[in-house]
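Trainee: I am new to this structure. Could we go through it by question and answer?

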Amino acid sequence: MAQEKGPRRLKVWLATAGFLALTTCYALLHTPGWYELPVILPPQRQAVRNNLVAAEQAFTENLLAGQPFVYHLFDEDLNRWISMRREISPLLEELVPPELKDPLVYFQNGAITLAGKFKLAGAECVFSLDIAASLEDGKILLRAQALRCGSVRLPLALLADALTRKVDKPGDRVWPGSP
């Protein structure tokens, strides 16, 4: 009877380990429900461009007025602009890491989530970074809050170098005419 317990325990252990491995793989490969890329049909493309120009113009006018102002930016609009970035301003593509595919922005509960697909061990995984925005000493400050692969939360230390690097591009090099 003692001999039977050894193989049985091994089978239970292997089954448990297999289940945990499959569950972890599923959680890593899971695509969050909010990660849905916009579909922009050809007849809608000019309207998306017009919307961006109007938003940029309103923002610029408010900046140049030199007064405090409220500016509403919606993730739906932002994602449409991002999906058309190659057509709108090819220079914007330089800001997107080449390993990143299908970037997306999601606003919820005061947080900004940046997401996109990266290849990981031959599979495309959705990585996302939650960011909190605040205003300190007249400057917009962005702080990383959480990093995820699929549904799995990862340590922010994995992005230590990227999170401390400044985006240092002259304004006219990113968006011509922007203040």
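Trainee: Does N79 count as buried or exposed, and at what relative accessibility?
Mentor: The model is predicted, with local features needing pLDDT of at least 70, side-chain atom pairs counting only at pLDDT 80 or more, and totals for chains, interfaces and linings using all residues. Residues are numbered from 1 along each chain as its sequence is written, and side-chain values use heavy atoms, leaving out hydrogens and water. Buried means under 20% relative accessible area, exposed over 50%, and partly exposed in between, with a 1.4 Å probe and protein chains only. N79 therefore counts as buried, at 8%.

Trainee: Which residues does N79 touch, not counting those up to four places away in sequence?
Mentor: N79 is found in helix α3, residues 75–83. Helices are DSSP runs of H or I with at least four residues, strands are runs of E with at least two, and numbering starts from the N terminus. Contact means heavy atoms within 4.5 Å. With that limit, N79 touches P38, L104 and V105.

Trainee: What do the buried residues of α3 pack against?
Mentor: The buried residues of α3 are D75, D77, L78, N79, W81 and I82. They pack against α2 (45–65), α4 (85–88) and β1.

Trainee: Which strands stand at the edges of the sheet?
Mentor: Five strands form an open antiparallel sheet in the order β1-β2-β3-β4-β5, where two strands pair if DSSP finds at least two bridges between them. A strand at the edge has a single partner strand, so one side is left without a neighbour in the sheet. The edge strands are β1 (101–108) and β5 (152–154).
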